[in-house]
Every structure is written in C-alpha cells, then in structure tokens.
Amino acid sequence: MPEVEPVLSFSDVQYRFNDGTLGLDGVTIDFFPRELLILAGANGAGKTLLMRHANGLLHPTSGEVVFKGAPLRKNLRGARRSLGMVFQHPEDQFIEDSVRSEIRFGIDNLGLPAEVCDLRVQTVLEQFDLDNLKNRHPLSLSGGERRRLALASVIVMNPDYLILDEPFMELDYPGIRELLSILISLHKDGQGMCIVTHDVGKILAHSDRLILMKKGKIICAGPSRDLIGILEENGVRNPCRGGFPFEAATWL
C-alpha cells in the first residue's frame with residue numbers, strides 16, 4: 001500500500017476465550033482508506049472474531065486496536081460512528097418497525113438538522129432500491145432486501161470504512177449480483193471496505209488486497225492477484241484453478 005495513514009490497525013492482538021483457548025494469536029494488520037480488502041480463511045479461522053474487535057464488541061486480552069492513530073478503547077463512540085459494520089445475519093441489527101425508520105435511527109443520533117437527515121435517508125432509499133419498501137417491517141423482507149437495508153442503514157452515516165461479514169451468505173444468484181454491484185459502485189466512489197468471507201470467488205477480481213487467516217493468525221497479506229496460489233493450502237477455494245484468469249474471479 002502507498003504511504004497512507006491506516007483507518008484501523010491491530011497491533012499484536014491476542015484474544016483468549018474464558019476457557020483459555022487462544023482465538024487470536026498475535027494479529028498485526030492495517031486497514032487502509034479507499035481500498036477493497038478481502039479477509040479470507042476457512043470457517044473457524046478467526047475472521048469474525050477479529051472483526052468483532054474492530055468496533056469494540058470484544059476487547060483484546062493483550063495487544064492494541066488503534067483507530068485513526070489512537071487506541072480504539074479511548075474513543076469507542078467515535079469509532080462506531082466511523083466504522084460501519086454489517087453482520088452475517090442482518091436481522092440481528094434491526095431494531096425499528098419499518099425500513100425507513102431503521103435507516104433513520106442511526107443518523108438521528110448525529111445531531112444533524114432534520115432536513116439533512118431527510119435528504120440522506122431518501123438518497124439511500126433510492127440508492128439501495130428500497131424506496132418502494134420503506135413502510136415494510138424489516139423482518140418481512142427477503143434475504144437480499146435485508147442485506148441491502150443493513151448496508152443502507154450504515155451508509156447513511158457516511159462511514160469512513162465498511163466491514164461486511166459474509167455479505168453474500170444465503171443469497172441467491174440475482175441477490176449476490178445485486179449486492180456485489182452496489183459494493184463495487186461504493187468502492188469506485190472511494191468507499192474503503194473489508195469483505196470478510198470464506199469464499200472469495202464472487203469478488204476477488206475487484207479487490208485491491210487480500211489477507212489470509214488460519215487458526216487465529218494472519219498467514220499473509222498482499223495484492224490479491226499475488227496470493228492466488230496459496231489460497232487452497234489455507235482452506236480457501238481458488239476460483240482461478242484450472243487456468244482461469246484473475247479477472248474471472250467475479251460474479252458480475
């Protein structure tokens with residue numbers, strides 16, 4: 001990466017569960033603005049556990065998580081506003097009884113003028129093709145619609161960085177392509193993001209950098225194209241197996 005200040009950094013982060021099991025083992029990694037980063041590894045590699053440290057849902061047993069140059073623990077509120085996180089199961093995030101209210105909830109806490117909030121909410125309703133669903137209950141939506149709503153409710157806050165944990169899980173082919181198009185468009189507009197996944201084939205060709213995890217450790221990190229050859233030895237299917245070019249590793 002060029003010499004750009006990272007948005008988020010992990011410095012020798014360890015995490016032990018209550019039974020003493022080591023879940024994260026000396027993780028040191030940076031997350032940069034404007035990049036599309038993939039954090040990949042087999043199920044159980046520690047990917048979700050790592051990301052739950054990114055906004056203070058979990059705290060390291062040792063080591064430090066740093067947000068914009070300062071310890072995350074000293075500015076949790078600011079970090080949670082700036083780091084937009086979308087979980088594996090989007091319904092876990094829903095607390096309101098309509099799509100529009102769900103999108104409006106977070107931005108209402110920013111202290112912005114009402115007209116600014118109204119404009120932002122309407123913009124993302126249209127951007128994520130949710131305007132015709134704005135009065136529906138979030139739990140009445142399809143899987144793809146729920147994913148779009150969870151992402152819209154984060155984007156409306158203008159986050160510095162996005163973290164999406166298994167965003168394509170349980171979506172059908174049209175739903176994956178629809179969400180993937182949105183993510184690529186956001187990235188082209190300068191949105192930095194980390195896609196956490198065990199299946200890189202849907203989006204690898206669009207990524208700038210790849211991090212591979214295994215058994216709670218960072219195995220390697222670098223330009224995505226350069227790491228194709230070691231995917232499968234680290235429990236991740238290689239979408240370019242059989243001579244397929246790097247550019248073919250996409251569902252668009």
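The lining of the largest cavity is made up, by class, of five nonpolar residues, one polar residue and two charged residues; here Ala, Val, Leu, Ile, Met, Phe, Trp, Tyr, Cys and Pro count as nonpolar, Asp, Glu, Lys and Arg as charged, and the others, Gly among them, as polar. The model is a predicted one, in which local features need pLDDT of at least 70 and side-chain atom pairs count only at pLDDT 80 or more, while totals for chains, interfaces and linings use all residues. Residues are numbered from 1 along each chain as its sequence is written, and side-chain values use heavy atoms, with hydrogens and water left out.

A cavity is a set of points, on a 1 Å grid over the protein atoms alone, where a 1.4 Å probe fits but cannot get out, whereas a pocket is an open set with protein on both sides within 12 Å along at least five of seven lines; lining residues have an atom within 4 Å of a point. Grid points are joined across faces, edges and corners, and a volume is the space filled by probe spheres set on the points. By this rule there are two cavities of 30 Å³ or more.

| Space | Volume |
|---|---|
| Largest pocket | about 600 Å³ |
| Largest cavity | about 40 Å³ |
| Second largest cavity | about 30 Å³ |

The residues around the largest cavity are Thr 48, Met 51, Arg 52, Met 85, Val 86, Phe 87, Ile 163 and Asp 165. Helix H1 (47–51), strand S6 and strand S7 (161–165) each give at least two residues to this lining, where helices (H or I, at least four residues) and strands (E, at least two) are DSSP runs numbered from the N terminus. The second largest cavity is lined by Val 86, Arg 147, Leu 151, Leu 164, Pro 167 and Leu 179, a set with five nonpolar residues, no polar residue and one charged residue.

The largest pocket is lined by 22 residues, of which Arg 80, Gln 93, Gly 106, Val 154 and Met 157 are the closest to its centre. Its lining holds twelve nonpolar, six polar and four charged residues, and at least two residues come from each of helix H2 (76–82), strand S6 (83–86), helix H3 (99–107) and helix H5 (143–155).

In H3, the residues Val 99, Glu 102, Ile 103, Arg 104, Gly 106 and Ile 107 are buried, that is, under 20% relative accessible area with a 1.4 Å probe and protein chains only. The buried residues of H3 pack against helix H4 (114–127) and H5. Arg 148 belongs to helix H5 and is also buried, with a relative accessible area of 6%. Its side chain makes a polar contact with the side chain of Glu 178 at 2.8 Å; such a contact is a pair of N or O atoms within 3.5 Å, and within protein one must be able to donate a hydrogen and the other to accept it, residues adjacent in sequence counting only if both atoms are side-chain atoms. Beyond its neighbours within four places in sequence, Arg 148 is in contact (heavy atoms within 4.5 Å) with Phe 128, Asp 129, Leu 130, Leu 133, Glu 178 and Ile 182.

In strand S3 (residues 36–40), five of the five residues are buried.

Conventions
Buried means under 20% relative accessible area, exposed over 50%, partly exposed in between (1.4 Å probe, protein chains only).
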